[in-house]
Amino acid sequence: MKKLLHIITLSLASLSISYAEMNCYVFTDKDERAECERMNIRESMSLSQATKKKEKRWFLGIEGGVDSPIISELAIFIPKILETDSSIGYIAGANFGWQKYGKGRVGTRFTIGMQYMWGNYVKKDTQAKKSLESFMPYFASDLMIDFIKRERKHFGMLLGLEGKFSFSHLEDSDLSFLERDGGALVPYLRAGFYLNLGNHILDLRIGAPFLFFLFTAPNTIVPKFTPTLGYKYLF
């Protein structure tokens, strides 16, 4: 009878332990108390791992955007060194990273990605159009601020910084190799909005450079004021 009561008590404890840690001091038998404490430890470790998994989630994403000289002229804070010539470029890319929420409505997101830009490069002195392409690996860190947070539904604002490497090539026979091909490291300010529904995220953001570090060619092309639409899948 005592063993039966012991089994029933521990079974009820295992059913309710996910809601609260059981008080093991209700058991007078030393073996029963030890078994209860072991159950508490196992459950605590399980809940801790589940919480960590919930807080930090990985994602894969795709994105597309445009770099337009018309839009860029509206951004008066873009460095003058980027305004010598005009270009219009179409951007496609992929990315991965992770995001994490705390207890409140504020989270963080870290992204590593690769973008490809193709378009036309317009010389201001001759108005001649030349095709261009750029490969742009980047990394970014964003602060996520939820305006709406209901279970697995989030809507809010993104604010962050991005570091982008631009390796560009111009189809211009009048230029030498060192003038056609070059690279630059450009830090960007990022801002936008996101909608997170379960495992799916849509975000719309804009980015603008605030510094410019040239590697080689003086005619290196980098995106300026760029609206970008992205989709991410959370794991």
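User: Is Phe155 buried, partly exposed or exposed, and why?

Analyst: In this predicted model, Phe155 counts as partly exposed because its relative accessibility is 32%. The buried class ends under 20% and the exposed class begins over 50%, so a value in between is called partly exposed.

User: Which aromatic cluster is Phe155 in?

Analyst: Phe155 forms one aromatic cluster with Phe147 and Phe193. As for Phe193, its relative accessible area is 41%, so Phe193 is partly exposed.

User: How many aromatic pairs are there in the whole structure?

Analyst: A search finds four. One of them is Tyr116 with Phe135: the ring centres are 5.1 Å apart and the planes are at 50°, so this pair is tilted.

User: Which strands do those two sit in?

Analyst: Tyr116 is in strand β3 and Phe135 in strand β4, so their pair ties together parts 19 residues apart in sequence. Tyr116 has a relative accessible area of 31% and is partly exposed. Phe135 is partly exposed too, at 42%.

User: And how are Phe155 and Phe193 arranged?

Analyst: Those two form a stacked pair, with 6.3 Å from centre to centre and 5° between the planes. Phe155 lies in strand β5 (residues 153-170) and Phe193 in strand β6 (residues 181-197), so here the parts tied together are 38 residues apart in sequence.

User: New topic. Which residues make up the largest nonpolar core?

Analyst: That core has six residues: Ile91, Met117, Tyr121, Leu132, Met136 and Leu170.

User: What does Ile91 touch?

Analyst: Leaving out residues up to four places away in sequence, the contacts of Ile91 include Met117 and Met136. Glu63, Gly64, Gly65 and Pro223 are also among them.

User: Where is Tyr233?

Analyst: Tyr233 is in strand β9 (residues 226-234). Its relative accessibility is 30%, so Tyr233 counts as partly exposed.

User: Last bit, the whole chain. How many helices and strands?

Analyst: The chain has four helices and nine strands. In sequence order the pattern is α-α-β-α-β-β-β-β-α-β-β-β-β.

User: How much of the chain is buried?

Analyst: Of its 235 residues, 40% count as buried. The accessible surface is about 14000 Å², with 66% of that belonging to carbon and sulfur atoms.

Definitions and conventions: Residues are numbered from 1 along each chain as its sequence is written. This is a predicted model: local features need pLDDT of at least 70, side-chain atom pairs count only at pLDDT 80 or more; totals for chains, interfaces and linings use all residues. Side-chain values use heavy atoms; hydrogens and water are left out. A nonpolar core is a set of buried Ala, Val, Leu, Ile, Met, Phe, Trp, Tyr and Cys residues joined through side-chain atoms within 4.5 Å. Buried means under 20% relative accessible area, exposed over 50%, partly exposed in between (1.4 Å probe, protein chains only). Contact means heavy atoms within 4.5 Å. Accessible areas come from the Shrake-Rupley method with a 1.4 Å probe; for residues, only the protein chains shown count as cover. Rings of Phe, Tyr and Trp (its six-membered ring) pair if their centres lie within 6.5 Å; planes under 30 degrees apart count as stacked, over 60 as edge-to-face and the rest as tilted.
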